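Open the model in your viewer and keep the selection tool at hand. This tour tells you what to pick at each stop.

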Amino acid sequence: MPQVKIIAKNFMDMVSSLPAMKLDKLYENAFICEAILRSLPPLAKKYVLQLLYIDVPVSASSLQEWVLVDGASKHRVAVDRLIQLRVFTETVDRKKEATYRLNLMFQMNLRKHVVHGGVLPREPMAANITVRLPSLEELDNYAGQQWECFLLHLINSAEVEVTTKSISPSMMKVFQRGLLSQRDNEGSRLTESGFQFLLMDTNAQLWYIIREYISNSEDRGVDSADLISFLLELSFHVTGEAYNMNTLDEIQRITVKDLADLGLIKLQQGRKDSWFIPTKLATNLSISLSDASSRKQGYVVVETNFRLYAYSTSKLHCEILRLFARVEYQLPNLIVGSITKENLYKAFSNGITADQIISFLQQNAHPRVAEKVPSVPENVTDQIRLWESDLNRVEMTPAHFFDDFPSRDVFEAACDFAREYSSLLWEDSKKMQLIVKTDIYAHMKEFLSHQK
């Protein structure tokens with residue numbers, strides 16, 4: 001079964017992939033420099049701060065003396081990260097000795113920021129101008145609901161009826177870049193990657209969407225460096241505060257409306273002004289994926305008889321469970337189902353693996369069973385893997401059959417020829433018959449035409 005690997009990168013991975021010129025442009029913003037600094041591994045932060053007021057290159061050997069012997073691996077990771085982000089510029093002389101110094105633009109702006117602080121591009125609006133703002137709890141609930149609606153739109157492409165407003169064209173393009181496919185005269189349907197995406201952790205899903213949103217920004221006429229810069233600026237805003245939309249340019253306005261689809265931003269309209277309110281999802285954007293991850297309370301209980309109980313009122317949870325289980329009935333706060341061979345076979349055919357299903361059940365285990373070891377019964381996890389292996393017992397290989405060789409010498413020569421290309425699948429020396437892979441069929445025919 002082919003596997004499509006979905007990798008959820010954090011912001012700094014995306015920043016490091018930018019061309020050198022765009023990276024240098026980013027470092028013209030002091031807040032971006034601070035965002036980069038706080039995202040670095042601890043040892044890399046130490047190097048940056050120690051070199052902040054050093055204006056000459058430092059040799060690699062001198063830098064290595066700043067750490068103990070047992071910190072060599074962390075040292076390499078830190079230096080590699082700094083070079084990837086162009087925070088360090090590396091120079092190698094004729095003797096192949098490396099020296100490092102801070103990126104001049106990064107160094108200058110970080111110095112200013114450390115000494116004088118900085119002023120954000122926009123300040124929160126006064127309380128007497130805005131209507132009642134949502135509490136932090138209400139804002140968290142809003143973000144969760146928006147994200148759930150967003151994922152339901154993805155599932156809606158195949159089977160779920162959603163009554164929420166339509167998603168922006170920019171976000172639909174993100175869906176279509178690997179998560180959805182569409183054939184002529186047919187509606188959109190989930191791809192293998194799409195099915196796998198739905199079982200990912202929420203934070204991993206968010207990073208995947210943000211990465212794809214940035215990746216196709218050039219198609220929308222938006223500079224990816226400008227977009228990353230604005231998203232990083234958002235991480236310095238205060239969760240729950242209102243910021244005037246008039247402080248944004250046209251591209252930023254469109255971006256804010258797109259982010260509202262994800263629950264990163266809440267939009268509100270007053271009599272005269274409109275404003276946006278960042279949620280925790282937006283203010284955590286510059287934090288690494290592992291740091292941003294927080295374990296949510298699970299809701300799934302799996303029993304040894306393959307029965308499944310999900311304590312949830314969420315329509316999304318119900319639809320995700322349908323990807324690999326049979327939902328038998330749904331009460332106001334309880335979904336009851338069972339894990340069956342037929343439903344798992346359907347999941348496997350859609351590209352979902354046994355390990356992904358087991359990981360999903362473990363990560364979303366109800367608190368009543370989450371502390372148990374294992375949280376999902378072993379007989380269930382073993383059976384899920386066995387049912388997956390059933391589908392992998394027979395491997396199909398396109399091949400061609402050869403017989404009626406004029407002599408044993410020609411037969412043995414043909415076998416040797418196929419072995420050289422690692423394409424001999426089967427041979428019967430008594431009957432002088434063999435089977436070879438399709439990829440050498442033409443070569444084999446040409447080879448045999450020259451044999452006597």
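The stops below go from a helix to a core, then to rings and strands.

This is a predicted model: local features need pLDDT of at least 70, side-chain atom pairs count only at pLDDT 80 or more, and totals for chains, interfaces and linings use all residues. Residues are numbered from 1 along each chain as its sequence is written, and side-chain values use heavy atoms, with hydrogens and water left out.

**Stop 1: helix 18**

Select residues 354-363, which make up helix 18. Helices (H or I, at least four residues) and strands (E, at least two) are DSSP runs, numbered from the N terminus. Color Ala 354, Ile 357, Ile 358, Phe 360 and Leu 361: these are buried, meaning under 20% relative accessible area with a 1.4 Å probe, protein chains only. Now look down the axis of helix 18. The buried residues fall within an arc of 160°, so they line one face of the helix; the arc is taken from the directions from the helix axis to the C-beta atoms. An α-helix has 3.6 residues a turn, so residues three or four places apart point the same way.

What do the buried residues of helix 18 pack against? Show strand 9 (300-302), strand 10 (307-310), helix 16 (315-321), helix 17 (341-349) and helix 20 (378-391). Contact means heavy atoms within 4.5 Å.

**Stop 2: the cores**

Next, select Ile 209, Leu 262, Phe 324, Ile 357 and Leu 361. They have the most contacts inside the largest nonpolar core, which has 108 residues. Such a core is a set of buried Ala, Val, Leu, Ile, Met, Phe, Trp, Tyr and Cys residues joined through side-chain atoms within 4.5 Å. Helix 11 (residues 202-215) gives the largest share of this core, eight residues. Apart from it lies another core, of 13 residues, including Phe 405, Val 410, Cys 415 and Met 444.

**Stop 3: aromatic pairs**

How many aromatic pairs does the structure hold? There are 13. Rings of Phe, Tyr and Trp (its six-membered ring) pair if their centres lie within 6.5 Å; planes under 30 degrees apart count as stacked, over 60 as edge-to-face and the rest as tilted.

Go to Phe 88 and Tyr 100. This pair is stacked, at 5.4 Å centre to centre with 20° between the planes. Phe 88 is in strand 2 and Tyr 100 in strand 3, so the pair ties together parts twelve residues apart in sequence. Phe 88 is buried, with a relative accessible area of 2%; Tyr 100 is buried too, at 10%.

Move to Phe 324 and Phe 360. Their pair is edge-to-face: 5.9 Å centre to centre, 75° between the planes. Phe 324 sits in the loop between helix 16 and strand 11 (326-331) and Phe 360 in helix 18, so the pair ties together parts 36 residues apart in sequence. Both Phe 324 and Phe 360 are buried.

**Stop 4: strands**

Select strand 7 (residues 265-269) and strand 8 (residues 274-278). They run antiparallel, joined by five bridges; strands pair if DSSP finds at least two bridges between them. A hairpin of four residues links strand 7 to strand 8. Leu 267 has Phe 276 as its bridge partner in strand 8.

Finish at the open sheet of three strands, in the order 13-15-14, with antiparallel pairing. Its edge strands are strand 13 (399-402) and strand 14 (424-428), each pairing on one side only.

How values were computed:
Buried means under 20% relative accessible area, exposed over 50%, partly exposed in between (1.4 Å probe, protein chains only).
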